[in-house]
Amino acid sequence: MTTPADLRELVALHALGALEAEEAALVEAAAAADPEVARELAEQRHLVAALAPDEGAPDALGDRILPAATDTSSVDRPATTTDDAPVVELRGRSGPPAWVRLTLAAAAVVALLAIGVGLMRQDRDSSTAELAADVLADPQARVVRLTGDDGRTLATAGVTDDGTAYLVPEDLPALGPDEAYQLWMLPSDAAAGPISLGLVDPTADAVAFRLPAGASGVALSREPATGSVQPTAVVAAGALT
Amino acid sequence: MAAAPVDDGTLLARLRGRDPEALRLAFDTHGGVVLGAARVVLGDQARAEEIAQAVFLALWERPERVDPRRGSVRTYLVTMARSRAIDVIRSDRSRRQRESADHSRTEPLARAAAFEAPEGVALEVRQALATLPDGEREAIVTAYYGGLTYQEAAVHLGVAEGTLKSRVRSGLAHLRDALTDGNPEPQP
(Lines give C-alpha, C1' and ligand atoms only; values in the text may rest on other atoms or scores of the structure.)
Protein backbone atom coordinates (compact mmCIF):
# COMPACT_ATOMS: atom_id res chain seq x y z
CA MET A 1 0.00 0.00 0.00
CA THR A 2 1.26 3.45 -0.89
CA THR A 3 1.19 5.82 2.08
CA PRO A 4 0.95 9.62 1.71
CA ALA A 5 4.64 9.84 2.64
CA ASP A 6 5.50 7.24 -0.02
CA LEU A 7 3.47 9.17 -2.54
CA ARG A 8 5.26 12.42 -1.77
CA GLU A 9 8.58 10.67 -2.34
CA LEU A 10 7.31 9.28 -5.61
CA VAL A 11 6.07 12.71 -6.70
CA ALA A 12 9.55 14.14 -6.13
CA LEU A 13 11.16 11.27 -8.00
CA HIS A 14 8.68 11.55 -10.86
CA ALA A 15 9.38 15.26 -11.20
CA LEU A 16 13.05 14.34 -11.42
CA GLY A 17 12.29 11.74 -14.11
CA ALA A 18 13.67 8.97 -11.90
CA LEU A 19 10.74 6.56 -11.88
CA GLU A 20 10.17 3.51 -14.01
CA ALA A 21 6.99 3.48 -16.04
CA GLU A 22 4.76 1.67 -13.59
CA GLU A 23 5.46 3.98 -10.67
CA ALA A 24 5.29 7.01 -12.94
CA ALA A 25 1.81 5.90 -13.98
CA LEU A 26 0.86 5.58 -10.32
CA VAL A 27 1.88 9.18 -9.67
CA GLU A 28 0.08 10.42 -12.78
CA ALA A 29 -3.05 8.62 -11.68
CA ALA A 30 -2.80 10.09 -8.20
CA ALA A 31 -2.32 13.57 -9.66
CA ALA A 32 -5.33 13.11 -11.89
CA ALA A 33 -7.45 12.08 -8.94
CA ASP A 34 -6.20 14.54 -6.33
CA PRO A 35 -5.68 18.25 -7.03
CA GLU A 36 -3.30 18.50 -4.09
CA VAL A 37 -1.02 15.86 -5.61
CA ALA A 38 -1.30 17.61 -8.97
CA ARG A 39 -0.29 20.90 -7.36
CA GLU A 40 2.69 19.32 -5.60
CA LEU A 41 3.80 17.64 -8.83
CA ALA A 42 3.54 20.94 -10.71
CA GLU A 43 5.64 22.67 -8.04
CA GLN A 44 8.27 19.96 -8.07
CA ARG A 45 8.46 20.04 -11.86
CA HIS A 46 8.88 23.78 -11.79
CA LEU A 47 11.73 23.42 -9.32
CA VAL A 48 13.40 20.60 -11.25
CA ALA A 49 13.18 22.59 -14.49
CA ALA A 50 15.64 25.02 -12.93
CA LEU A 51 18.26 22.25 -13.00
CA ALA A 52 18.29 22.19 -16.80
CA PRO A 53 21.25 24.00 -18.33
CA ASP A 54 20.60 26.76 -20.80
CA GLU A 55 22.94 25.93 -23.65
CA GLY A 56 21.74 28.67 -25.93
CA ALA A 57 19.35 28.23 -28.80
CA PRO A 58 21.21 27.79 -32.07
CA ASP A 59 19.72 30.01 -34.73
CA ALA A 60 20.07 27.18 -37.23
CA LEU A 61 17.78 25.00 -35.12
CA GLY A 62 15.22 27.78 -34.88
CA ASP A 63 15.49 28.26 -38.62
CA ARG A 64 14.59 24.59 -39.10
CA ILE A 65 11.69 24.57 -36.67
CA LEU A 66 9.65 27.41 -38.13
CA PRO A 67 9.40 26.02 -41.67
CA ALA A 68 8.75 22.56 -40.25
CA ALA A 69 5.87 23.97 -38.22
CA THR A 70 4.47 25.76 -41.22
CA ASP A 71 4.73 22.59 -43.26
CA THR A 72 2.87 20.56 -40.63
CA SER A 73 0.29 23.18 -39.74
CA SER A 74 -2.28 21.28 -41.74
CA VAL A 75 -1.53 17.93 -40.12
CA ASP A 76 -4.86 16.58 -39.07
CA ARG A 77 -5.54 15.80 -35.46
CA PRO A 78 -6.93 12.35 -35.80
CA ALA A 79 -8.26 11.54 -32.39
CA THR A 80 -10.35 14.61 -31.91
CA THR A 81 -13.33 12.99 -33.56
CA THR A 82 -15.16 9.89 -32.54
CA ASP A 83 -15.86 8.73 -36.06
CA ASP A 84 -13.34 5.92 -35.94
CA ALA A 85 -14.32 4.36 -32.68
CA PRO A 86 -18.03 4.29 -32.06
CA VAL A 87 -18.82 4.21 -28.40
CA VAL A 88 -21.74 5.04 -26.23
CA GLU A 89 -21.55 7.44 -23.33
CA LEU A 90 -21.66 5.79 -19.98
CA ARG A 91 -23.83 6.31 -17.02
CA GLY A 92 -22.28 8.29 -14.21
CA ARG A 93 -19.32 7.14 -12.14
CA SER A 94 -19.98 5.14 -9.04
CA GLY A 95 -17.71 3.55 -6.51
CA PRO A 96 -14.12 2.37 -6.89
CA PRO A 97 -13.14 0.78 -10.18
CA ALA A 98 -13.45 -2.98 -10.26
CA TRP A 99 -11.66 -3.19 -13.58
CA VAL A 100 -9.13 -5.80 -12.65
CA ARG A 101 -11.66 -8.37 -11.57
CA LEU A 102 -13.94 -7.32 -14.35
CA THR A 103 -11.27 -7.65 -16.98
CA LEU A 104 -9.98 -11.01 -15.97
CA ALA A 105 -13.48 -12.41 -15.85
CA ALA A 106 -14.62 -10.48 -18.85
CA ALA A 107 -15.96 -13.32 -20.89
CA ALA A 108 -18.09 -14.67 -18.12
CA VAL A 109 -21.00 -12.62 -17.02
CA VAL A 110 -20.87 -9.01 -17.99
CA ALA A 111 -23.37 -7.94 -20.58
CA LEU A 112 -22.41 -5.04 -22.74
CA LEU A 113 -24.58 -1.99 -22.78
CA ALA A 114 -23.25 -0.91 -26.07
CA ILE A 115 -20.97 -2.32 -28.71
CA GLY A 116 -19.17 -0.69 -31.51
CA VAL A 117 -16.52 -2.60 -33.31
CA GLY A 118 -14.77 -0.37 -35.74
CA LEU A 119 -11.34 -0.26 -37.21
CA MET A 120 -9.52 2.48 -35.40
CA ARG A 121 -7.39 4.98 -37.15
CA GLN A 122 -3.88 3.58 -37.32
CA ASP A 123 -1.86 5.65 -39.69
CA ARG A 124 1.45 4.31 -40.79
CA ASP A 125 2.81 7.71 -41.56
CA SER A 126 4.90 9.43 -38.97
CA SER A 127 2.27 11.92 -37.85
CA THR A 128 0.30 9.59 -35.59
CA ALA A 129 3.45 8.16 -34.08
CA GLU A 130 4.76 11.67 -33.51
CA LEU A 131 1.51 12.79 -31.93
CA ALA A 132 1.52 9.68 -29.75
CA ALA A 133 5.07 10.41 -28.65
CA ASP A 134 4.06 13.96 -27.84
CA VAL A 135 1.16 12.84 -25.68
CA LEU A 136 3.24 10.23 -23.87
CA ALA A 137 5.83 12.88 -23.10
CA ASP A 138 3.23 15.45 -22.14
CA PRO A 139 3.47 16.09 -18.40
CA GLN A 140 -0.21 16.98 -18.34
CA ALA A 141 -1.40 13.82 -20.08
CA ARG A 142 -2.35 10.60 -18.31
CA VAL A 143 -0.38 7.51 -19.17
CA VAL A 144 -1.72 3.97 -18.91
CA ARG A 145 0.58 0.97 -19.05
CA LEU A 146 -1.23 -2.08 -20.33
CA THR A 147 0.46 -5.03 -18.71
CA GLY A 148 0.07 -8.74 -19.23
CA ASP A 149 -0.27 -11.44 -16.60
CA ASP A 150 3.48 -11.51 -16.12
CA GLY A 151 3.65 -7.79 -15.45
CA ARG A 152 5.34 -6.90 -18.71
CA THR A 153 4.14 -3.77 -20.47
CA LEU A 154 2.62 -4.82 -23.78
CA ALA A 155 1.28 -1.44 -24.85
CA THR A 156 1.13 2.09 -23.54
CA ALA A 157 -1.69 4.60 -23.90
CA GLY A 158 -1.52 8.34 -23.44
CA VAL A 159 -4.74 10.23 -22.77
CA THR A 160 -5.16 13.99 -22.81
CA ASP A 161 -7.68 15.97 -20.80
CA ASP A 162 -10.14 16.09 -23.68
CA GLY A 163 -10.11 12.32 -24.20
CA THR A 164 -7.80 12.36 -27.19
CA ALA A 165 -5.75 9.20 -26.82
CA TYR A 166 -3.05 7.17 -28.50
CA LEU A 167 -2.12 3.55 -28.04
CA VAL A 168 1.45 2.47 -28.74
CA PRO A 169 1.79 -1.31 -29.08
CA GLU A 170 5.13 -2.42 -27.68
CA ASP A 171 5.48 -6.14 -27.36
CA LEU A 172 2.17 -7.73 -28.22
CA PRO A 173 2.22 -11.46 -28.95
CA ALA A 174 1.81 -12.39 -32.59
CA LEU A 175 -1.71 -13.21 -33.72
CA GLY A 176 -2.98 -16.06 -35.82
CA PRO A 177 -4.25 -15.30 -39.33
CA ASP A 178 -7.88 -15.11 -38.17
CA GLU A 179 -7.32 -13.13 -35.02
CA ALA A 180 -7.29 -9.45 -34.09
CA TYR A 181 -6.62 -7.31 -31.08
CA GLN A 182 -9.56 -5.32 -29.76
CA LEU A 183 -9.32 -2.32 -27.46
CA TRP A 184 -11.81 -1.83 -24.63
CA MET A 185 -12.73 0.95 -22.31
CA LEU A 186 -13.25 -0.24 -18.74
CA PRO A 187 -15.86 2.03 -17.19
CA SER A 188 -15.75 3.26 -13.62
CA ASP A 189 -19.27 1.99 -13.40
CA ALA A 190 -18.39 -1.69 -13.44
CA ALA A 191 -21.98 -2.67 -14.13
CA ALA A 192 -21.74 -1.06 -17.52
CA GLY A 193 -19.17 -3.59 -18.67
CA PRO A 194 -16.31 -3.12 -21.13
CA ILE A 195 -17.07 -0.98 -24.15
CA SER A 196 -15.40 -1.68 -27.46
CA LEU A 197 -13.16 1.06 -28.79
CA GLY A 198 -12.31 -0.84 -31.96
CA LEU A 199 -9.84 -3.24 -33.50
CA VAL A 200 -6.12 -2.58 -33.27
CA ASP A 201 -3.38 -3.41 -35.72
CA PRO A 202 -0.59 -4.63 -33.43
CA THR A 203 2.04 -3.79 -36.04
CA ALA A 204 1.03 -0.11 -36.22
CA ASP A 205 3.47 2.34 -34.70
CA ALA A 206 0.60 4.07 -32.94
CA VAL A 207 -3.18 4.05 -32.92
CA ALA A 208 -5.37 7.07 -32.30
CA PHE A 209 -8.61 6.72 -30.40
CA ARG A 210 -10.92 8.66 -28.19
CA LEU A 211 -11.51 7.66 -24.60
CA PRO A 212 -14.89 8.85 -23.31
CA ALA A 213 -15.34 10.28 -19.85
CA GLY A 214 -16.00 7.73 -17.14
CA ALA A 215 -13.16 5.34 -17.93
CA SER A 216 -11.25 3.66 -15.14
CA GLY A 217 -8.90 1.81 -17.46
CA VAL A 218 -8.36 0.22 -20.84
CA ALA A 219 -7.75 -3.35 -21.93
CA LEU A 220 -6.65 -5.25 -25.01
CA SER A 221 -8.14 -8.61 -25.85
CA ARG A 222 -7.45 -11.29 -28.42
CA GLU A 223 -10.47 -11.82 -30.64
CA PRO A 224 -11.61 -13.34 -33.91
CA ALA A 225 -10.67 -11.14 -36.85
CA THR A 226 -14.14 -9.62 -36.97
CA GLY A 227 -14.06 -8.58 -33.35
CA SER A 228 -16.37 -9.51 -30.50
CA VAL A 229 -19.18 -7.99 -28.52
CA GLN A 230 -17.38 -8.73 -25.29
CA PRO A 231 -13.75 -9.55 -24.46
CA THR A 232 -12.80 -13.16 -25.13
CA ALA A 233 -9.21 -13.30 -23.89
CA VAL A 234 -7.78 -10.21 -22.21
CA VAL A 235 -4.04 -10.05 -22.82
CA ALA A 236 -3.25 -6.70 -21.22
CA ALA A 237 -4.97 -4.10 -19.10
CA GLY A 238 -4.09 -0.96 -17.23
CA ALA A 239 -5.76 1.42 -14.82
CA LEU A 240 -6.38 5.04 -15.68
CA THR A 241 -6.95 6.17 -12.12
CA MET B 1 19.64 36.21 -30.21
CA ALA B 2 18.01 37.52 -27.05
CA ALA B 3 14.24 37.47 -27.20
CA ALA B 4 12.09 40.24 -25.83
CA PRO B 5 10.30 39.04 -22.69
CA VAL B 6 6.75 37.92 -23.21
CA ASP B 7 4.33 36.55 -20.65
CA ASP B 8 2.99 33.04 -21.01
CA GLY B 9 -0.61 34.12 -21.52
CA THR B 10 0.28 36.36 -24.46
CA LEU B 11 2.57 33.75 -25.95
CA LEU B 12 -0.05 31.01 -25.74
CA ALA B 13 -2.76 33.24 -27.15
CA ARG B 14 -0.59 34.05 -30.14
CA LEU B 15 0.25 30.37 -30.64
CA ARG B 16 -3.41 29.46 -30.51
CA GLY B 17 -3.93 32.16 -33.12
CA ARG B 18 -1.39 30.36 -35.34
CA ASP B 19 1.09 33.20 -35.28
CA PRO B 20 4.39 31.76 -36.58
CA GLU B 21 6.34 34.59 -34.99
CA ALA B 22 5.09 33.40 -31.61
CA LEU B 23 6.75 30.05 -32.21
CA ARG B 24 9.98 31.81 -33.05
CA LEU B 25 9.62 33.86 -29.91
CA ALA B 26 9.00 30.71 -27.86
CA PHE B 27 12.12 29.16 -29.34
CA ASP B 28 14.25 32.24 -28.77
CA THR B 29 13.02 32.42 -25.18
CA HIS B 30 13.10 28.76 -24.20
CA GLY B 31 15.04 26.95 -26.92
CA GLY B 32 18.36 26.98 -25.05
CA VAL B 33 17.03 25.37 -21.92
CA VAL B 34 14.88 22.89 -23.84
CA LEU B 35 17.92 21.83 -25.82
CA GLY B 36 19.98 21.69 -22.65
CA ALA B 37 17.42 19.56 -20.84
CA ALA B 38 17.63 16.97 -23.61
CA ARG B 39 21.36 17.15 -24.22
CA VAL B 40 22.34 16.80 -20.60
CA VAL B 41 20.62 13.42 -20.51
CA LEU B 42 21.57 12.20 -23.97
CA GLY B 43 25.09 13.55 -24.25
CA ASP B 44 24.40 13.87 -27.96
CA GLN B 45 23.81 17.23 -29.63
CA ALA B 46 22.12 15.89 -32.77
CA ARG B 47 19.59 13.78 -30.90
CA ALA B 48 18.97 16.61 -28.45
CA GLU B 49 18.21 18.94 -31.35
CA GLU B 50 15.78 16.38 -32.77
CA ILE B 51 13.97 16.30 -29.44
CA ALA B 52 13.96 20.09 -29.12
CA GLN B 53 12.49 20.36 -32.60
CA ALA B 54 9.79 17.83 -31.77
CA VAL B 55 8.94 19.63 -28.54
CA PHE B 56 8.49 22.98 -30.27
CA LEU B 57 6.49 21.44 -33.08
CA ALA B 58 4.24 19.87 -30.45
CA LEU B 59 3.81 23.28 -28.85
CA TRP B 60 2.87 24.69 -32.23
CA GLU B 61 0.41 21.93 -32.97
CA ARG B 62 -1.17 21.78 -29.53
CA PRO B 63 -0.67 24.99 -27.56
CA GLU B 64 -3.91 24.29 -25.74
CA ARG B 65 -2.17 21.46 -23.91
CA VAL B 66 -0.24 23.96 -21.84
CA ASP B 67 -2.38 24.85 -18.87
CA PRO B 68 -0.88 27.95 -17.24
CA ARG B 69 -2.65 27.07 -14.01
CA ARG B 70 -0.51 23.95 -13.80
CA GLY B 71 2.84 25.45 -14.67
CA SER B 72 4.74 27.78 -16.92
CA VAL B 73 5.45 27.30 -20.60
CA ARG B 74 9.11 26.90 -19.72
CA THR B 75 8.42 24.13 -17.21
CA TYR B 76 6.10 22.41 -19.67
CA LEU B 77 8.67 22.46 -22.47
CA VAL B 78 11.59 21.43 -20.28
CA THR B 79 9.62 18.59 -18.69
CA MET B 80 8.56 17.37 -22.12
CA ALA B 81 12.09 17.50 -23.48
CA ARG B 82 13.52 15.67 -20.50
CA SER B 83 10.79 13.06 -20.62
CA ARG B 84 11.43 12.38 -24.29
CA ALA B 85 15.16 12.22 -23.74
CA ILE B 86 14.74 9.77 -20.89
CA ASP B 87 12.45 7.64 -23.05
CA VAL B 88 15.18 7.57 -25.69
CA ILE B 89 17.96 6.51 -23.34
CA ARG B 90 15.86 3.89 -21.58
CA SER B 91 14.77 2.48 -24.90
CA ASP B 92 18.39 2.43 -26.04
CA ARG B 93 19.45 0.83 -22.79
CA SER B 94 16.88 -1.94 -23.08
CA ARG B 95 18.00 -2.68 -26.59
CA ARG B 96 21.69 -2.63 -25.68
CA GLN B 97 21.14 -4.82 -22.64
CA ARG B 98 19.70 -7.38 -25.00
CA GLU B 99 22.59 -7.00 -27.42
CA SER B 100 25.71 -5.99 -25.54
CA ALA B 101 27.06 -3.77 -22.81
CA ASP B 102 26.01 -0.14 -22.77
CA HIS B 103 28.97 2.06 -23.63
CA SER B 104 26.90 5.10 -24.54
CA ARG B 105 26.27 8.29 -22.65
CA THR B 106 29.76 8.51 -21.26
CA GLU B 107 29.43 12.21 -20.61
CA PRO B 108 26.20 12.23 -18.54
CA LEU B 109 27.30 9.28 -16.44
CA ALA B 110 30.72 10.79 -15.84
CA ARG B 111 29.02 13.98 -14.73
CA ALA B 112 26.78 12.02 -12.40
CA ALA B 113 29.85 10.30 -10.97
CA ALA B 114 31.44 13.68 -10.31
CA PHE B 115 28.24 15.05 -8.77
CA GLU B 116 28.59 18.13 -10.93
CA ALA B 117 25.97 20.30 -12.53
CA PRO B 118 26.99 21.09 -16.10
CA GLU B 119 27.87 24.45 -17.54
CA GLY B 120 24.81 26.47 -18.39
CA VAL B 121 22.97 25.80 -15.16
CA ALA B 122 22.06 29.14 -13.61
CA LEU B 123 24.58 30.37 -11.06
CA GLU B 124 21.97 30.66 -8.32
CA VAL B 125 20.94 27.04 -8.90
CA ARG B 126 24.55 25.86 -8.73
CA GLN B 127 25.01 27.83 -5.54
CA ALA B 128 21.80 26.42 -4.09
CA LEU B 129 22.92 22.88 -4.96
CA ALA B 130 26.20 23.56 -3.18
CA THR B 131 24.35 24.33 0.05
CA LEU B 132 22.73 20.89 0.18
CA PRO B 133 24.09 18.12 2.38
CA ASP B 134 26.39 15.89 0.32
CA GLY B 135 24.02 12.94 0.28
CA GLU B 136 21.10 15.01 -0.97
CA ARG B 137 23.15 16.78 -3.63
CA GLU B 138 24.64 13.51 -4.84
CA ALA B 139 21.21 11.88 -5.05
CA ILE B 140 19.71 14.72 -7.08
CA VAL B 141 22.69 15.28 -9.36
CA THR B 142 23.15 11.57 -10.03
CA ALA B 143 19.51 10.96 -10.88
CA TYR B 144 18.95 14.18 -12.82
CA TYR B 145 22.15 14.67 -14.78
CA GLY B 146 22.77 10.96 -15.14
CA GLY B 147 19.23 10.37 -16.40
CA LEU B 148 18.98 7.44 -14.00
CA THR B 149 16.05 5.85 -12.24
CA TYR B 150 16.19 6.01 -8.47
CA GLN B 151 17.03 2.30 -8.38
CA GLU B 152 19.96 2.87 -10.74
CA ALA B 153 21.06 5.94 -8.81
CA ALA B 154 20.97 3.97 -5.55
CA VAL B 155 23.25 1.30 -7.04
CA HIS B 156 25.48 4.01 -8.50
CA LEU B 157 25.85 5.66 -5.10
CA GLY B 158 25.94 2.45 -3.06
CA VAL B 159 22.97 3.35 -0.89
CA ALA B 160 19.65 1.69 -0.21
CA GLU B 161 16.77 2.63 -2.50
CA GLY B 162 14.80 3.98 0.44
CA THR B 163 17.71 6.20 1.39
CA LEU B 164 17.98 7.51 -2.14
CA LYS B 165 14.26 8.26 -2.30
CA SER B 166 14.19 10.16 0.96
CA ARG B 167 17.35 12.10 0.03
CA VAL B 168 15.80 13.21 -3.24
CA ARG B 169 12.67 14.40 -1.53
CA SER B 170 14.44 16.24 1.27
CA GLY B 171 17.05 17.53 -1.16
CA LEU B 172 14.43 19.07 -3.43
CA ALA B 173 12.77 20.67 -0.40
CA HIS B 174 16.09 22.14 0.68
CA LEU B 175 16.83 23.24 -2.87
CA ARG B 176 13.50 25.02 -3.04
CA ASP B 177 14.23 26.75 0.26
CA ALA B 178 17.69 27.80 -0.90
CA LEU B 179 16.37 29.18 -4.18
CA THR B 180 13.37 30.89 -2.64
CA ASP B 181 15.57 32.63 -0.08
CA GLY B 182 17.49 34.41 -2.75
CA ASN B 183 15.19 34.16 -5.73
CA PRO B 184 11.41 33.64 -5.80
CA GLU B 185 11.46 32.20 -9.36
CA PRO B 186 10.87 28.54 -8.43
CA GLN B 187 7.31 29.24 -7.34
CA PRO B 188 5.01 28.16 -10.19
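Tutor: Buried area is the accessible area, taken with a 1.4 Å probe, that two parts lose on being put together, summed over both. This is a predicted model, in which local features need pLDDT of at least 70 and side-chain atom pairs count only at pLDDT 80 or more, while totals for chains, interfaces and linings use all residues. Residues are numbered from 1 along each chain as its sequence is written, chains are lettered from A and ligands numbered from 1 in the order in which they are written, and side-chain values use heavy atoms, with hydrogens and water left out.

Student: What area is buried between chain A and chain B, and what percentage do carbon and sulfur atoms give?

Tutor: The two chains bury about 5,700 Å² between them, with 57% of that area given by carbon and sulfur atoms. On the chain A side, A:His46, A:Leu51 and A:Gln140 lose the most area to chain B, together 13% of what that side buries. If contact is taken as heavy atoms within 4.5 Å, then 54 residues of chain A are in contact with 67 residues of chain B.

Student: How many salt bridges does the rule find across the interface of chain A and chain B?

Tutor: Side chains of opposite charge can pair when their charged atoms come close. The rule asks for a side-chain nitrogen of Lys or Arg within 4 Å of a carboxyl oxygen of Asp or Glu, and across the interface of chain A and chain B it finds six salt bridges. One pair to look at is A:Asp59 with B:Arg24, whose closest N and O atoms are 3.8 Å apart. Over all chains, the count by this rule is 16 salt bridges. The pair runs between chains, from A:Asp59 in helix α4 (residues 59-72) of chain A to B:Arg24 in helix α2 of chain B.

Student: At what angle do the axes of helix α1 and helix α2 of chain B cross?

Tutor: Helices (H or I, at least four residues) and strands (E, at least two) are DSSP runs, numbered from the N terminus; axes are lines fitted to C-alpha atoms, for helices over the stretch in contact, and angles run from 0 to 180 degrees between N-to-C directions. In chain B, the axes of α1 (residues 8-16) and α2 (residues 20-42) cross at roughly 140° and come within 7 Å. Angles under 35 degrees count as roughly parallel, over 145 as roughly antiparallel, 65 to 115 as roughly perpendicular and the rest as oblique, and α1(B) and α2(B) are therefore oblique to each other. From α1(B), the contact uses B:Leu11, B:Arg14 and B:Leu15, and the residues of α2(B) include B:Glu21 and B:Leu25.

Student: Which residues of α7(B) and α8(B) make their contact?

Tutor: Helix α7 (residues 134-146) and helix α8 (residues 150-157) of chain B pack at an angle of about 125°, with their axes 9 Å apart, and are therefore oblique to each other. B:Glu138, B:Ala139, B:Thr142 and B:Ala143 of α7(B) make the contact with B:Ala153, B:His156 and B:Leu157 of α8(B).

Student: How do α2 and α3 of chain A cross?

Tutor: The axes of helix α2 (residues 21-33) and helix α3 (residues 35-49) of chain A come within 5 Å and cross at roughly 120°, which makes α2(A) oblique to α3(A).
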